[in-house]
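Visitor: I'd like a quick walk through this model, with the cut-offs spelled out.

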Amino acid sequence: MLTSTVCAAVSAAGLGIAALTAYRKRFLAATRIAAFSLIPIGLVMTGVIDWVTNIVFKPTVWAGFGLLALSFLLFMISRTVERRRGGIGARKDRKAAGGATPDAVAPGASVPSLGAGRTADRPAGKGKAPQATSAPKDDFSDIEAILKKHGI
């Protein structure tokens, strides 16, 4: 009951300020002030204020929030301890598991991906043996020259 009275008083004061602002020929500002001042009385009329006051003033609700906070705190402590010890979800285990398959192929790759030590099966033509493809060392020389020119 008290919250309804306070919200009605706040809305009435806001509408009074909006009327004074409109009297000064600032209609856009007056419209905004009126819109904001109608919010508290609208919340009272829809029942939101009663719902909020029932949550705020009940000790069992605060005990529930306390238990949720304690649960979150315990969860965060266990995660921190697990990471420091190198437990099940540690980075070392994830890196070791992730490093097991370095020759992954993209799902939509148009050319088969070759691993580090493998060569492509080429048809034997003109008596040449298959050679491992190696990138020339001067492949990025022009990029290196540009970076050196700019001092990077």
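Predicted model: local features only at pLDDT ≥ 70, side-chain atom pairs only at ≥ 80, totals over all residues.

Visitor: What pattern does the protein chain follow along the sequence?

Guide: Helices (H or I, at least four residues) and strands (E, at least two) are DSSP runs, numbered from the N terminus. The protein chain has six helices and zero strands. Read in sequence order, the pattern is α-α-α-α-α-α.

Visitor: Where does UniProt place the feature "transmembrane region"?

Guide: UniProt positions use the numbering used here, feature names are shortened, and annotations may be inferred rather than shown by experiment. Over residues 35-53 the model is 95% helix and 0% strand, with 24 Å between the end C-alpha atoms. Residues 59-77 are 100% helix and 0% strand, and their end C-alpha atoms lie 27 Å apart. The unreviewed UniProt entry places the feature at residues 35-53 and 59-77.

Visitor: Which helix gives the most to the nonpolar patch?

Guide: Patches take residues with over 30% relative accessible area and no salt bridge, joining like charges within 9 Å and nonpolar side chains (Val, Leu, Ile, Met, Phe, Trp, Tyr) within 5 Å; a salt bridge is a side-chain nitrogen of Lys or Arg within 4 Å of a carboxyl oxygen of Asp or Glu. This patch covers about 1200 Å², with Phe36, Trp51, Val52 and Trp62 among its residues, and areas come from the Shrake-Rupley method with a 1.4 Å probe, where for residues only the protein chains shown count as cover. Helix H2 (27-46), helix H3 (48-56) and helix H4 (59-85) each give two or more residues. The top contributor, with four residues, is H3.

Visitor: Is tryptophan 51 buried or exposed?

Guide: Tryptophan 51 lies in helix H3. Its relative accessible area is 55%, so tryptophan 51 is exposed.

Visitor: Which backbone oxygen does the side chain of threonine 53 reach?

Guide: Threonine 53 also sits in helix H3, and is buried at 18% relative accessible area. A polar contact is a pair of N or O atoms within 3.5 Å; within protein, one must be able to donate a hydrogen and the other to accept it, and residues adjacent in sequence count only if both atoms are side-chain atoms. At 2.9 Å, the side chain of threonine 53 reaches the backbone oxygen of aspartate 50.

Visitor: Which residues does serine 37 touch, not counting those up to four places away in sequence?

Guide: Serine 37 lies in helix H2 and counts as buried at 5% relative accessibility. Contact means heavy atoms within 4.5 Å. With that exclusion, serine 37 touches Ser11, Gly14 and Leu15.

Terms used: Residues numbered from 1 in each chain as written. Heavy atoms only, no water. Buried < 20%, exposed > 50% of the residue type's maximum accessible area, 1.4 Å probe, protein only.
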